[in-house]
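Hello,

Here is the structure for your set-up work. My notes come after it.

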Amino acid sequence: MDINLLYGGAVLAGTVSALLSMRKKRWLDAALAIAAGASLATLLAAPNAPAGEAQRIALETAGASPAMPGERLAEALAQLPSAPRGTVVEVRGQGLHEAQWRDIPVRPIQWQPAKDGLLWLDFPRSLPLGRSFALTVRRDAPQTDWRLQLLAENGLVLSESRATAASQALTVQWQPPMAESMVLQARLLDKAGKAITQGPVPLRVLDAVPLQVQGRFSSPSFDTRVLNRLLTDSNAVVDWQTTLGKALTRSEEARAPLTHPNALVADAGWLEGGGMRNALAQVAQGMPLLVLGGNAGDAALWQRELGLKLASQSATTEQEDARHLAFAGTTLAFAPGAQMPTAGGPWQAIARDRDGKAWLWQRDWHKGRILWLGLRDWHRHAISEPAALASWWQQVIDLAAQGSEQKVRWLDADPMPLAGLRTEVCAQGVATGSAVTVGQAATQWQARSERADAACVALWPRAAGWLRARSGDAESAVYVYAPHDWPGWQAALRHEATARFAGRSSQPVADVAGDASVRAAPGAGEAQLWASAVPRWLLAIAFAVSLLLLWWRERR
């Protein structure tokens, strides 16, 4: 029978009995009837067990391995799916991985997290050839005199970073020389040179998709010559045109057709000289336009056509107005353009130097966008600091150019896939239900509600190492870590996953809130609060005593 009907019946019986006794002016009997009805209703509304006596399941997760969780932990995990809804989960240690928590129904959780020894790693899993690889390691608390080393597969130190003051994070950078899949090593050392921890860092260096760039310039300059060399050295496909005189133009035809141009690069002088309309037509169709503003002269034209306010720079303050940018371990000083944008309007600064001074601005234009580079004379660094200059221009291209057209884009769904633990491989640009092969297993892409623009496939890797994935002509690889790799990083990921589960368990369960069979009658909530504070045996005694006193008074 519905517990709410019993609760309502007890309240109704006690109320009616009290009213009948009051009608006969038997005030003591009325009080006893109210006491009997209230104690019975509260007893019926009470949970099966007080909050302090709820069933508990302990999860001993300290040092647990996903592949071999231990007998006690495995037994506790097997009990959780069938445990009552009010079962309290006591977590000891850093908790479980996200994939393990997803298999457990939401239950109340008791957890005292410890943050000692946690470690976080941040690095790209794949990188186009020619880009710098950066690894950042963050610890749970700032430390002094510790070092981070990046090691090659043969143990050679590729890069090192040292904390000169109390620091919580360190970053190392390295330039891969060729396209290949590799497993580097990262090592943390204390101030005495003793290894704190060490683990694998997988990296896939891919052949870069050549950029397709159009260049239009009003006159030859050392800056455009250096830019042309940097682009061609990076294997970019360039369509270059430079005006030499009133009716003379030097053209450098692209070595291949520009089927999907990534950007149009033009100096301000070419746009002011009549190229503005043609360039804006391309931008309106989605082409990004990067304006080299070093030779801008017609401020009224930019204000009228693009809403860009330019202010003349003083020649006497050129040194003070220089922009200082740090790349490849050195700082480059760039001279500002003669005309520099001012804040306001549709233009926004999207890049600043170490002093907070803006050097790159942007605004949207129909389907595309226009960027203004307010620096000049970068050719001065081409001989003294070529690596730093190339890194800076790589940043400019990343901000200005649109990405190359790719049919399939592979996603890093799991920060640390582990052997013996369920993980996912996800990709964009694939059709749900189409074939995909991961390792030696052939399966199909499946839709995921939390990834509306991608499809995924779940797998349980058995061993550590590279796991190849293929869908049509697209290929990728996922590195699977061994259960003993990076214990501090695993603890940090388990800590975060357990905190998310604890957040979910503190919210009402959706299927319970929407179930009509468990909705409380009016006033049942207050009765449940009383029932949680008063023992059930005391309520039963109060009900029995009230009935016995009523029976004794009737017998008299």
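The notes below go through a helix, a group of strands, the aromatic pairs and the charged pairs.

The model is predicted, not experimental.

Helix H5

H5 covers residues 222–233, which makes 12 residues. The buried residues of H5 are Asp223, Thr224, Val226, Leu227, Asn228 and Leu231. In an α-helix there are 3.6 residues a turn, so residues three or four places apart point the same way. After H5 comes Asn235, which has a positive phi, near 70°.

Strands around E16

Strand E16 takes in residues 289–292. Side chains in a regular strand alternate between the two faces of the sheet. In E16, Leu289 and Val291 point one way while Leu290 and Leu292 point the other way, and all are buried. E16 pairs with two strands. With strand E15 (residues 263–267) the pairing is parallel, over 4 bridges, and Leu289 of E16 is the bridge partner of Leu264. With strand E23 (residues 368–373) the pairing is also parallel, over 4 bridges; here Val291 has Trp372 of E23 as its bridge partner. E15, helix H6 (residues 268–284) and E16 together make a β-α-β unit, which is right-handed.

Aromatic rings

The count of aromatic pairs is 14. One of them is Phe123 with Phe133, edge-to-face, at 6.3 Å centre to centre and 65° between the planes. Phe123 sits in the loop between strands E4 (119–122) and E5 (126–128), and Phe133 in strand E6 (residues 133–143), 10 residues apart. Both Phe123 and Phe133 are buried. Trp359 and Trp392 form a pair with ring centres 5.9 Å apart and planes at 50°, so this pair is tilted. It links strand E22 (residues 358–365), which holds Trp359, to helix H9 (residues 386–400), which holds Trp392; the two residues are 33 residues apart. Trp359 has 0% relative accessibility and therefore counts as buried. Trp392, at 0% relative accessibility, also counts as buried. Ring pairs also join Phe123, Phe133, Trp466, Tyr479, Tyr481 and Trp489 into a cluster.

Arg138 sits over Trp120, 4.2 Å from the ring centre, and Arg139 sits over Trp146, 5.0 Å from the ring centre.

Salt bridges

There are 15 salt bridges. Glu98 takes part in a salt bridge with Arg102, where the closest N and O atoms are 3.5 Å apart. Arg102 is exposed, because its relative accessible area is 53%. Glu98 also forms a salt bridge with Arg500, with the closest N and O atoms 3.1 Å apart. Arg500 lies in helix H10 (residues 487–505) and Glu98 in helix H4 (residues 98–101), so this pair ties together parts that are 402 residues apart in sequence. At 42% relative accessibility, Arg500 counts as partly exposed.

Asp103 and Arg422 form a salt bridge too, the closest N and O atoms being 3.4 Å apart. Asp103 is in the loop between H4 and strand E3 (109–111), and Arg422 is in the loop between strands E25 (409–411) and E26 (423–428), so the pair ties together parts 319 residues apart in sequence. Arg422 counts as partly exposed, at 23% relative accessibility. Salt bridges with shared partners join Arg56, Glu90 and Arg92 into one network.

Regards

Definitions and conventions
Residues are numbered from 1 along each chain as its sequence is written. This is a predicted model: local features need pLDDT of at least 70, side-chain atom pairs count only at pLDDT 80 or more; totals for chains, interfaces and linings use all residues. Side-chain values use heavy atoms; hydrogens and water are left out. The expected span of a helix is 1.5 Å times one less than its number of residues. Buried means under 20% relative accessible area, exposed over 50%, partly exposed in between (1.4 Å probe, protein chains only). Two strands pair if DSSP finds at least two bridges between them. A crossover is right-handed if, with the strands pointing away from the viewer, the path from the first strand over the helix to the second runs clockwise. Rings of Phe, Tyr and Trp (its six-membered ring) pair if their centres lie within 6.5 Å; planes under 30 degrees apart count as stacked, over 60 as edge-to-face and the rest as tilted. A charge sits over a ring if NZ of Lys or CZ of Arg is within 6 Å of the ring centre and within 35 degrees of the ring normal. A salt bridge is a side-chain nitrogen of Lys or Arg within 4 Å of a carboxyl oxygen of Asp or Glu.
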